[in-house]
Amino acid sequence: MTTFSEKVYQLRKEFAYSQEELAEKLEVSRQTISNWENGTAQPALDKAVELSNLFDVSLDEMVGKKFNKPKQ
C-alpha cells in the first residue's frame with residue numbers, strides 16, 4: 001500500500017514540479033512539502049483537497065485506499 005507521503009512525492013515527480021513549485025501552487029512553504037513527503041507532517045484537509053484537485057486524483061487515492069471489487 002502506498003502511503004500519503006509516497007503518493008505526494010510520486011505525483012509531484014510525475015507532474016515535474018519541484019518542491020518549491022508545488023509549495024507556491026498550494027501557498028505553503030517548501031519545508032511543508034518536504035515534511036509531507038518524508039512523513040513527518042500531514043496536510044490540513046483543505047490542503048489535501050487542493051493536492052487531490054491539482055493532481056486530479058481522489059482523496060482515497062492520495063491516502064492509498066484500495067477499492068475492493070463487489071462480491072458476486
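**View A. Packing of helix 2 against helix 4 in the predicted model.** Helix 2 spans residues 19-26 and helix 4 spans residues 45-55. Their axes lie 10 Å apart, at an angle of about 115°. Helix 2 is therefore roughly perpendicular to helix 4. The crossing is right-handed. Helix 2 contributes Leu22, Lys25 and Leu26 to the contact. Helix 4 contributes Lys47, Glu50, Leu51, Leu54 and Phe55. By class, this contact holds 5 nonpolar and 3 charged residues, and no polar ones.

**View B. Packing of helix 2 against helix 3.** The two axes come within 8 Å and cross at roughly 105°. Angles of 65 to 115 degrees count as roughly perpendicular, so helix 2 and helix 3 are roughly perpendicular to each other. On helix 2, the contact uses Gln19, Glu20, Leu22, Ala23 and Leu26. On helix 3, the partners are Arg30, Ile33, Ser34, Trp36 and Glu37. The contact of helix 2 with helix 3 divides into 5 nonpolar, 2 polar and 3 charged residues.

**View C. The buried face of helix 2.** Gln19, Leu22, Ala23 and Leu26 are buried. Seen down the helix axis, these residues fall within an arc of 100°, so they line one face of helix 2. Their cover includes helix 1 (4-14), helix 3 (30-38) and helix 4.

Technical notes. Residues numbered from 1 in each chain as written. Predicted model: local features only at pLDDT ≥ 70, side-chain atom pairs only at ≥ 80, totals over all residues. Heavy atoms only, no water. Axes fitted to C-alpha atoms, helices over the stretch in contact; angles between N-to-C directions. Helix = DSSP H or I, 4+ residues; strand = E, 2+ residues; numbered from the N terminus. Parallel < 35°, antiparallel > 145°, perpendicular 65-115°, else oblique. Left-handed = near helix turned anticlockwise from the far one by under 90°. Contact = heavy atoms within 4.5 Å. Nonpolar A, V, L, I, M, F, W, Y, C, P; charged D, E, K, R; others polar. Buried < 20%, exposed > 50% of the residue type's maximum accessible area, 1.4 Å probe, protein only. Arc of directions from axis to C-beta.
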